[in-house]
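Here is a briefing on one protein chain. Look over the sequence and the model first, then read the points below.

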Amino acid sequence: ARDAKMSVDLSLAWPSDPTEARRALSTLQRLGYAAVCWSHEVAERLGPAHACPITPLPEPGDGGAADSSFTRRVRQHTRLTLHVEETAHLAAIRASNDALRSYEVVAVVPHTEAMLEALLEPPVVDLIDVISLPSSSDRLFGAVLRHGLVRRAIERGLALELCYSEALRDGLSRRRFVSAVQRVLPLLPRHARAEAGLVLSSGADDARLLRSPADVANLVTLFGCHPTAARQAVSDAGQRVLRRAAARRRPPPLAPAPPAGLFELEGEAADAEGEAKGKRKRAK
């Protein structure tokens, strides 16, 4: 139950049609997600013109799509997904701090091994939160994902992301997604039988491609992911990304900490208190 409360979709394409945005948010709510990152994708050099264009939908009580007295609201965050193919793209990241700061989460898609290595070095590594691995590409996984690079990315607090919607599009995309999962898993450090650092997002541009956290976790267990790691990849791992992103944008002691309740989702504190009371009662 706790996993469901913490489930996060870190990558859902921000649609140009507000009706589509409301439909997608309503679907996430029905499926049991606690938070979503609306993603804006940039495939060119980042600049001031790429400041965040996303306007999150109204909160519950304002007549928005997430308004319901029976379901938990979905927290909305903004995300930049930036493709990095050459040195000029790296330089643009360093020079476009205002554009970066207009988003809550920053993800990068490296297209070469050299670019991935460069992304893991200061100051760039301190400006990003997620390394997104396009499972639709055969080329990336053969050349880029060496064990040392993966471990270095995770040690520096970054998450490695795979997007499951590719597996739902057609047979070729499904085979590529399966291959990506099977190549990534052996490279991840293992803690308590769970692969650390993996995040599973939808990467969807259509609400019909969204699936429940349980379905996503079950999907990757079929291809060798440990069940514990699969559950964490759609819950705890996403929450860690949001915490990193908030700390990056509000570095102490220069700015206040994130608002109370930003990550402790509604009801979790009550759940924790109830568990503590139960333990005290059993002790008596």
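The protein chain exposes about 13600 Å², and carbon and sulfur atoms supply 52% of that area. Accessible areas come from the Shrake-Rupley method with a 1.4 Å probe; for residues, only the protein chains shown count as cover. This is a predicted model: local features need pLDDT of at least 70, side-chain atom pairs count only at pLDDT 80 or more, and totals for chains, interfaces and linings use all residues. Residues are numbered from 1 along each chain as its sequence is written, and side-chain values use heavy atoms, with hydrogens and water left out.

**Confidence**
- The mean pLDDT (the predictor's confidence in each residue, from 0 to 100) is 82 for the protein chain, and 76% of its residues reach 70 or more.
- Residues 61–70 stay under 50 in pLDDT, and the model gives them ten contacts beyond four places in sequence. Contact means heavy atoms within 4.5 Å.
- Over residues 258–275 the pLDDT is below 50 as well, with 27 contacts beyond near neighbours in sequence.
- Where pLDDT is low, the predicted coordinates should not be read in detail.

**Overall build**
- The protein chain has twelve helices and nine strands. Helices (H or I, at least four residues) and strands (E, at least two) are DSSP runs, numbered from the N terminus.
- Of the 284 residues, 48% count as buried. Buried means under 20% relative accessible area, exposed over 50%, partly exposed in between (1.4 Å probe, protein chains only).
- Among contacts with a separation of 6 or more, 78% join residues 24 or more positions apart.

**Nonpolar cores**
- A nonpolar core is a set of buried Ala, Val, Leu, Ile, Met, Phe, Trp, Tyr and Cys residues joined through side-chain atoms within 4.5 Å.
- The largest has 64 residues; Trp 38, Ile 93, Leu 119 and Leu 162 touch the most other members.
- A second, separate core has 13 residues, including Cys 37, Ala 107, Ala 159 and Val 199.

**Helix H3 (residues 87–95)**
- Its buried residues are His 89, Leu 90, Ala 92 and Ile 93.
- Seen down the axis of H3, they fall within an arc of 160°, so they line one face of the helix. The arc is that of the directions from the helix axis to the C-beta atoms.
- Thr 87 and Ala 95 are exposed on the other side of H3.
- The cover over the buried residues of H3 includes strand S3 (75–84), helix H4 (97–101), strand S4 (105–110) and H5.

**Helix H9 (residues 213–221)**
- Pro 213, Val 216, Ala 217 and Val 220 are the buried residues of H9.
- These cover an arc of only 95° around the axis, which puts them on the same side of H9.
- They pack against helix H2 (18–31), helix H8 (171–184), strand S9 (198–201) and helix H10 (227–233).

**Single sites**
- Ser 39 lies in strand S2 (residues 35–42) and is buried at 10% relative accessibility. Beyond four places in sequence, Ser 39 touches Ser 11, Leu 12, Ala 13, Trp 14, Ile 54, Arg 79 and Thr 81.
- Val 178 sits in helix H8 and is buried at 18% relative accessible area. Its C-alpha atom is 6.7 Å from that of Phe 223, 45 residues apart along the chain.
- The peptide bond from Pro 122 to Pro 123 is cis, with omega near 0°. Pro 123 is in the loop between helix H5 (113–119) and strand S5 (130–132).
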